Amino acid sequence: MIRCLQHEWHDVETDTSSVGRRLGVGRLAVVRRPGRSVVCQAYASSPLRLLTPTNHGHAAWVYASSYGGGLVDGDDLAIHMVVGRGACAFVSTQASTKVYKSPSGTAVETTAAVAEGGLLILAPDPVVCFARSRYHQRQRVELEAGAALVLVDWVSSGRRESGERWAFDEYVSRTVVRLDGQLRVHDGLALRSVDGDLASRFADYDVLAVVVVLGASLRADVERVRTRIEKESTAQWSNQLVASAPIGEWGCVIRIAGRSVEQVGRTVRDLLDFVPTRLGDNPWARKW
């Protein structure tokens, strides 16, 4: 798996098909050492940055960001991750991913490979698309047998306070997850202004989130999350829509529609309350 990903890194770095675009490449590898997981490789080219802060737990933490505080027209980022056997990694962002006005579009591709016994928690802040912006996102995760994944993918309506509510031109996201070579998740979302007024179609909702929890080691956590969602009424979710669907025996997909980033963020962290225990530290305690 690692060898395959290294070939992909080479292909990205030698690709000349995107002349004129700002290509940012990130490479990240996390391995297990006695007592904790550590980052053994972290490389990023502008406009991408990778930060690896210390923490009090046993997992490696990595935060991605971009120079300038967001994506500008022509930005095209590719981030490739490897989580080794028995290793644990938490990968997030410093802040929301802001997408500025971009007639030609922006793009981010994330590819991850997680070895047996490994755990990847990919939980960035939401994507915030400004008016007249275009954003394409692709995420592909390959899990070996015995590996596990927690993935959070969410988008907001934009700068609502500035009157830019669902005012972007295009948002397209696709997530593919394979476990032991078998396709388990293929989720796609396409929001385009040419298909109709987005603000009126979403009514009072300003945030959409998808959460994937998958892996045999997370089976008990999946069962608790799904039981809670099934038992709690809509009123208990404070004007949010929350639903889940199973992924075989060891996983689920959670979908949330809410009215603010703060509201949906609380719900996501509440449902994923097992994450700090898995990491040995709470990555959200100091951030929020």
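## A buried tryptophan

W166 is buried, at a relative accessible area of 4% (buried is under 20%, exposed over 50%, partly exposed in between, with a 1.4 Å probe and protein chains only). Its phi is positive, about 50 degrees, although W166 is not a glycine. You'll find W166 in the loop between β12 (148–156) and β13 (170–179); strands are DSSP runs of E with at least two residues, helices are runs of H or I with at least four, and both are numbered from the N terminus.

A quick note on what you're looking at: this is a predicted model, where local features need pLDDT of at least 70 and side-chain atom pairs count only at pLDDT 80 or more, while totals for chains, interfaces and linings use all residues. Residues are numbered from 1 along each chain as its sequence is written, and side-chain values use heavy atoms, leaving out hydrogens and water.

## Rings that meet

W166 also belongs to an aromatic cluster with Y135, F168, Y171 and F202. Rings of Phe, Tyr and Trp (its six-membered ring) pair if their centres lie within 6.5 Å; planes under 30 degrees apart are stacked, over 60 edge-to-face, and the rest tilted. Searching the whole structure turns up eight aromatic pairs. In one of them, F90 and W284 have ring centres 6.3 Å apart and planes at 80 degrees, so this pair is edge-to-face. It links distant parts of the chain, with F90 in strand β6 (residues 88–93) and W284 in the segment after α5 (275–279), 194 residues apart. F90 is buried at 1% relative accessibility, and W284 is buried at 12%.

Y100 and F130 are edge-to-face as well, because their centres are 5.0 Å apart and their planes sit at 85 degrees. Here Y100 is partly exposed at 25%, whereas F130 is buried at 11%.

Over in the loop between β2 (36–44) and β3 (48–51) is P47.

R132, in the loop between β10 (127–129) and β11 (134–143), has a phi near 65 degrees, which is positive in a residue other than glycine. R132 is partly exposed, with a relative accessible area of 48%.
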